[in-house]
Amino acid sequence: MQWRSLVLGLLLLRLGLQALLALLPALAPGLCLRRRFPFPFPPPPAALSPPGAGPSHWGSLLRRGGGAAAAVGAGDEYERRYSGAFPPQLRARLRDAARGMFVFGYDSYMQHAFPRDELDPLHCRGRGPDRHDPSNLNINDVLGNYSLTLIDALDTLAVMGNSSEFQKAVKLVIDTVSFDKDSTVQVFEATIRVLGSLLSAHIIITDAKQPFGDMTIKDYDNELLHMAHDLAVRLLPAFENTKTGIPYPRVNLKKGVPPDSNNETCTAGAGSLLVEFGILSRLLGDSTFEWVARRAVKALWSLRNNNTGLLGNVVNIQTGHWVGKQSGLGAGSDSFYEYLLKSYILFGEKEDLEMFNDAYRNIQNHLRRGREACNEGEGDPPLYVNVNMFTGQLMNTWIDSLQAFFPGLQVLIGDVEDAICLHAFYYAIWKRYGALPERYNWQLQAPDVPFYPLRPELVESTYLLYQATKNPFYLHVGMDILQSLEKYTKAKCGYATLHHVVEKTKEDRMESFFLSETCKYLYLLFDEENPLHKSGNKYMFTTEGHIVSVDERFRNSLWQDILPEEDSAEKIKPNELKAVNFSSNCNRVPDERRYLLPLKSNYMRQIDRMVGLI
């Protein structure tokens with residue numbers, strides 16, 4: 001067949017190139033090494049495995065039927081490990097392993113923790129708000145005494161095709177969950193984890209096409225939508241009595257904003273509510289929720305620095321003064337940029353895209369360091385650093401694990417080449433520790449904050465890069481991540497936070513996003529035939545990994561008061577909107593690179609040296 005001839009031709013071309021490179025061994029180090037990294041060449045391929053991981057459980061499958069992989073032979077160690085076709089039987093086993101990971105965590109929560117918010121996987125018990133210590137914001141910002149983990153996991157059940165458990169879980173939520181609680185929660189966390197999941201599950205239930213199987217609920221009367229409305233109404237007091245329109249960070253679900261509430265909030269927390277609030281408004285035909293969320297975004301946008309165009313990470317909601325002057329892509333800023341783009345994708349308001357494009361341009365001008373091109377030239381690989389919003393000068397030498405979402409966002413706008421480089425940097429850190437430390441100091445080549453709470457951002461970017469490129473390299477990355485999670489975080493009753501990524505000690509906590517995001521993205525990475533990829537529907541992921549359909553009803557508002565007439569943003573036409581995180585619409589890397597490394601091996605080696613892996 002024609003495609004077989006094409007593949008054979010590509011393999012012969014690669015062998016020829018490898019033979020040529022073998023004659024010029026001295027050229028590679030000169031292209032990629034800087035004075036800062038005077039290290040010898042890496043050890044044999046076994047050293048590329050996660051530390052302590054031993055031989056791959058899947059090695060036999062990789063050696064059988066490897067197609068192009070087998071043809072690489074004695075070439076570069078990166079080529080040997082990552083290039084070539086990925087056997088379908090291995091992919092199916094990894095898909096089942098990802099589903100098994102979710103099932104173990106979910107079943108453990110239901111058995112040992114429900115109806116409490118989270119599972120303590122070491123002691124096999126539930127966890128709720130810390131009533132004895134209201135200042136314990138790490139717990140109380142998230143846990144509201146409303147069965148958080150069950151709610152957050154709803155659409156993962158649907159994506160995995162488990163209709164019976166999805167229906168059972170929805171009925172449990174309807175019958176047992178109430179938001180009439182004396183709980184003070186963070187507006188951002190309640191919005192993305194709870195409100196977003198309720199809306200996603202409602203959309204799945206009411207979808208006439210039912211792409212994931214029969215997820216309908218007998219006698220369903222929009223209960224999840226009503227619950228989402230009830231929760232959002234309880235969050236609205238956060239937007240009152242603020243001089244800037246930027247909301248308070250926390251609200252009590254019974255009593256409103258606490259009297260001693262903090263007037264300082266982070267950019268991401270206040271500016272990442274528009275997707276969920278906008279969906280709710282458009283489903284209800286009530287502009288209130290989208291209006292307050294959009295007002296907050298505009299207020300933050302108006303506070304950017306006139307010279308750099310950058311925003312800080314902490315602002316006073318009454319004065320509009322920046323308390324935190326750091327501008328970066330991680331904690332405190334990340335999802336603000338994400339939701340500028342995703343609001344445009346979902347609602348079609350051109351103003352949102354214009355803000356995103358402006359922000360992205362300023363990020364490139366002031367935060368990006370390293371060589372201009374990802375896959376060619378000399379110099380350090382591209383990296384986005386933390387700078388002072390007023391001057392653009394470097395503020396510190398650490399990056400945090402939340403920033404690993406950014407390559408996925410770059411995929412959505414078609415900047416795939418740059419995404420490849422940044423993703424490779426975070427993957428190198430993962431290879432070194434078998435996890436991502438919460439903060440990593442790239443100058444010291446060591447963690448600044450060494451815990452890992454099962455975050456999904458690297459898996460998310462891996463999934464989106466695979467959808468954009470179809471390069472099997474990203475399946476290998478997913479396999480490494482899955483193996484590390486099984487090896488280092490699996491506990492008696494679920495999966496546990498790593499207290500220290502070097503020592504591999506555990507903390508007794510399994511955050512809800514492990515089921516809603518980490519397991520979901522891993523599963524979808526290996527499930528090529530999932531209805532989300534094949535049904536013809538267009539989907540977008542919220543910042544909590546909840547799926548929402550991109551369709552006409554969210555691009556048509558029933559009111560005119562969201563934007564003043566003179567500022568009314570032009571909407572894109574429905575046929576112009578693409579589900580840009582959907583494989584059939586991505587701006588892909590050329591097909592001829594499909595079975596080559598996405599990043600040349602000398603640049604991959606350079607990054608591995610930079611993080612102290614070799």
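Author: **Helix H24 and beyond**

After H24 comes Gly612, with a positive phi near 80°. Helices here are DSSP runs of H or I with at least four residues, strands are runs of E with at least two, and both are numbered from the N terminus. The model is predicted, so local features need pLDDT of at least 70 and side-chain atom pairs count only at pLDDT 80 or more, while totals for chains, interfaces and linings use all residues. Residues are numbered from 1 along each chain as its sequence is written, and side-chain values use heavy atoms, with hydrogens and water left out.

H24 spans residues 601–610 and is mostly covered. Of its 10 residues, 10 are buried. Buried means under 20% relative accessible area, exposed means over 50%, and partly exposed lies in between (1.4 Å probe, protein chains only). The buried set includes Tyr603, Met604, Ile607 and Met610. Arg605, Asp608 and Arg609 are also among the buried residues of H24.

Now the cross-links. A disulfide is a covalent bond between the sulfur atoms of two cysteines. The cut-off used is a pair of cysteine sulfur atoms within 2.5 Å. There are 2 disulfides in the structure. One joins Cys124 to Cys493, with an S to S distance of 1.8 Å. It links distant parts of the chain, 369 residues apart. Cys124 sits in the loop between strand S1 (118–120) and strand S2 (125–127). Cys493 sits in the loop between strand S15 (490–491) and strand S16 (494–495). The torsion about the S-S bond of Cys124 and Cys493 is about 80°, so this disulfide is right-handed. Cys124 and Cys493 are both buried.

The other disulfide joins Cys374 to Cys421, at 2.2 Å from S to S. Cys374 lies in the loop between strand S9 (368–369) and strand S10 (383–384), and Cys421 lies in helix H19 (residues 416–433), so the pair ties together parts 47 residues apart in sequence. With a torsion of about 95° about the S-S bond, the disulfide of Cys374 and Cys421 is right-handed. Cys374 and Cys421 are buried too. Number the bonded cysteines in sequence order, and the pairing reads 1-4, 2-3. Cys266 is partly exposed, at 27% relative accessible area. Cys519 is buried, at 0%.

Next, helix H19 has a packing partner. Two packed helices are described by the angle between their axes and the distance between the axes. The axes are lines fitted to C-alpha atoms, for helices over the stretch in contact, and angles run from 0 to 180 degrees between N-to-C directions. H19 and H20 pack at about 140°, with axes 10 Å apart. Val416, His423, Tyr427 and Trp430 are among the H19 residues that make the contact. On the H20 side, the contact includes Leu458, Leu465 and Thr469. H19 and H20 are therefore oblique to each other. Under 35 degrees counts as roughly parallel, over 145 as roughly antiparallel, 65 to 115 as roughly perpendicular and the rest as oblique. The crossing of H19 and H20 is left-handed. That term applies if the near helix is turned anticlockwise from the far one by less than a right angle; clockwise is right-handed.

H20 (residues 457–469) also holds Glu457. UniProt, in an unreviewed entry, lists Glu457 under "active site", with Glu189, Asp334 and Glu438. UniProt positions follow the numbering used here, feature names are shortened, and annotations may be inferred rather than shown by experiment. Glu457 is buried, at 10% relative accessible area. Not counting residues up to four places away in sequence, Glu457 touches Ser401, Leu402, Ala404 and Phe405. Contact means heavy atoms within 4.5 Å.

Glu189 lies in helix H11 (residues 187–206). Glu189 is buried, at 16%. Leaving aside neighbours within four places in sequence, Glu189 contacts Asp141, Val142 and Val194.

One more site remains. Under "binding site", the unreviewed UniProt entry lists Thr543. Thr543 is in the loop between strand S19 (539–541) and strand S20 (547–549). At 14% relative accessibility, Thr543 is buried. Beyond neighbours within four places in sequence, Thr543 contacts Ile192, Ser335, Glu338, Tyr339 and Glu517.
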